[in-house]
Amino acid sequence: MKKAKKDLPAIIAEKLHALINLIESSENLQDIAAMQIYHLHPLQGKREGQYALDIGGRKSGYRLVIIPLDDRGKQWEERNRNIYKATKVIIAWEVSNHYE
């Protein structure tokens with residue numbers, strides 16, 4: 001959290017911390033996907049297998065990129081429509097301003 005406060009605008013750092021707490025307390029990605037404010041969505045191209053969550057809403061431009069893992073701790077090999085229900089482990093990959 002200290003690094004986030006240093007590197008990000010204060011409101012984004014707070015929302016990032018809240019989002020990480022939500023991820024940690026969620027049963028699976030389905031819980032988060034149901035919350036439209038975060039706009040959980042798969043990325044494409046060279047980022048296939050990664051998913052993004054809007055940190056401060058769509059207009060803020062900041063997103064958390066995650067990599068969902070299967071029950072063996074491996075990255076999902078294909079897009080699976082049950083990935084949201086089946087994912088129990090997530091790697092927080094990066095925080096970025098999508099529009100920079």
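Residues are numbered from 1 along each chain as its sequence is written. The model is predicted, so to speak of local features takes a pLDDT of at least 70, side-chain atom pairs count only at pLDDT 80 or more, and totals for chains, interfaces and linings use all residues, while side-chain values use heavy atoms, without hydrogens and water.

**Confidence.** pLDDT is the predictor's confidence in each residue, from 0 to 100. The protein averages 80, and 83% of the residues score at least 70. Helices (H or I, at least four residues) and strands (E, at least two) are DSSP runs, numbered from the N terminus.

Where pLDDT is low, the predicted coordinates should not be read in detail.

Helix 2 covers residues 10-25. Its 16 residues reach 23 Å from first C-alpha to last, close to the expected 22 Å. That expected span is 1.5 Å times one less than the number of residues. Buried means under 20% relative accessible area, exposed over 50%, partly exposed in between (1.4 Å probe, protein chains only). The buried residues of helix 2 are Ile12, Ala13, Leu16, Leu19, Leu22 and Ile23.

A nonpolar core is a set of buried Ala, Val, Leu, Ile, Met, Phe, Trp, Tyr and Cys residues joined through side-chain atoms within 4.5 Å. The largest one has 19 residues; Leu19, Leu40, Leu53, Ile55, Leu64 and Ile66 touch the most other members. Helix 2 gives the most to this core, with six residues.

**Strand 3.** Strand 3 pairs with strand 2 in the antiparallel sense over four bridges; pairing takes at least two DSSP bridges. Alanine 52 stands opposite valine 65. Contact means heavy atoms within 4.5 Å. Leucine 64 touches residues including Leu16, Leu19 and Ile23, not counting those up to four places away in sequence.

**Two loop residues.** Asparagine 28 is found between helix 2 and helix 3. Asparagine 28 is buried, at 14% relative accessible area. A polar atom of its side chain lies 3.0 Å from the backbone nitrogen of glutamine 30. Histidine 39 lies in the loop between helix 3 (29-33) and strand 1 (41-42). Histidine 39 has a relative accessibility of 28%, so it counts as partly exposed. Its phi is near 45°, a positive value in a residue other than glycine. Most residues other than glycine have a negative phi.

Key
Polar contact = N/O pair within 3.5 Å; in protein donor to acceptor, adjacent residues only side chain to side chain.
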